[in-house]
Amino acid sequence: MIETFLLYMALGAVAGVLAGLLGIGGGLVVVPMLVFALPAQGVEASVLMQIALGTSMAAIIFTAMSSLKAHHQRGAVRWDVVIRISPGIVVGTFFGAIVASRMPTHTLKVIFIVFLYYVAAQMFLNKKPKPSRTLPGSAGMFGAGCTIGGMSSFVGIGGGTLSVPFMTWCNIPFHTVIGTSAAIGFPIALAGTAGYVLGGLGNEMLPPLSLGFVYGPALFGIVAASVLTAPLGVKLAHSLPVDRLKRFFAFLLIFVATRMLLGLF
């Protein structure tokens, strides 16, 4: 049990650094590692992906809080954007999590694998959308929030891989995009966690110490480390060649996605 807890703490430490460094919430690391680690805890295959996604969402609540605080102290959060997009974020993420709770775990794995390859390509090519317009009106922000939140709930992330390109496209200065993305991750995580908790209540296949599709021991270990390392990631973001780090991380995502893909057969 101690070894397992230390594993979750190591996972949380990495997730926290990535949350602050790349604005991705850490879910892209947490979810596949949980998929590999949870079967050793006796988690049934039929609920494996839902537990990984739900636990990742719950962990992002704490990671996002730590990360957004550090970004806010640097004046790098556009709170007006966070407030305008949050209603759509909450609706899209909550109902997306409810739908995902009822999907076959195999289907969720396929969605996650495809998303990993997409993010890897995005990071490796380092293509940024051209800032060609301003933020849309209320209806447009609600629709964007629903889309970002819904997709985030299906892959257990804080939404950075979707909100960063959206804000860049809307001509928001890039030095505030990462911090604002971290702040948007907070309502995504809250709504996603609520959806996965509600969607998993009463499921007889859940392991002990679970609340819906959120697995307590993994959550505690991940959070214990990630809240300490997220500010470190923010600090590194202002001193390291992030573009090079993104390319390295892209290769890591390709490796993880390929391993998960081979595990489907």
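## Contacts, helices and surface of a predicted model

Ser152 touches Met57, Ile157, Gly158, Gly159, Leu162 and Ile188, not counting residues up to four places away in sequence, where contact means heavy atoms within 4.5 Å. Ser152 sits in helix H6, and it counts as buried because its relative accessibility is 0%. Here buried means under 20% relative accessible area, exposed means over 50%, and partly exposed lies in between (1.4 Å probe, protein chains only).

A few ground rules before going on. This is a predicted model in which local features need pLDDT of at least 70 and side-chain atom pairs count only at pLDDT 80 or more, while totals for chains, interfaces and linings use all residues. Residues are numbered from 1 along each chain as its sequence is written, and side-chain values use heavy atoms, with hydrogens and water left out.

Now to the helices. Helices (H or I, at least four residues) and strands (E, at least two) are DSSP runs, numbered from the N terminus. The expected span of a helix is 1.5 Å times one less than its number of residues. Two helices can be checked against that rule:

| Helix | Residues | Length | End-to-end C-alpha distance | Expected span |
|---|---|---|---|---|
| H4 | 79-101 | 23 residues | 31 Å | 33 Å |

Most residues other than glycine have a negative phi. Asn171, in the loop between helix H7 (160-169) and H8, has a positive phi near 70°, and it is partly exposed at 46% relative accessibility. Leu209 also has a positive phi, about 65°, although it is not a glycine. This leucine is found in the loop between H8 and strand S1 (210-211) and counts as exposed because its relative accessibility is 68%. Just after H8, Gly202 takes a positive phi of about 85°.

Met260 lies in H10 and is buried at 4% relative accessibility. Leaving aside neighbours within four places in sequence, Met260 is in contact with Pro32, Val35, Phe36, Phe112, Ile113 and Leu116. Ile254, also in H10, is partly exposed at 34%.

Helices H5 (105-125) and H10 (242-262) each supply at least two of the patch residues.

Finally, the charges. A salt bridge is a side-chain nitrogen of Lys or Arg within 4 Å of a carboxyl oxygen of Asp or Glu, and by this rule the count comes to 1. Arg78 pairs with Asp80, their closest N and O atoms being 2.8 Å apart. Arg78 is partly exposed at 27% relative accessible area, and Asp80 is partly exposed at 37%.
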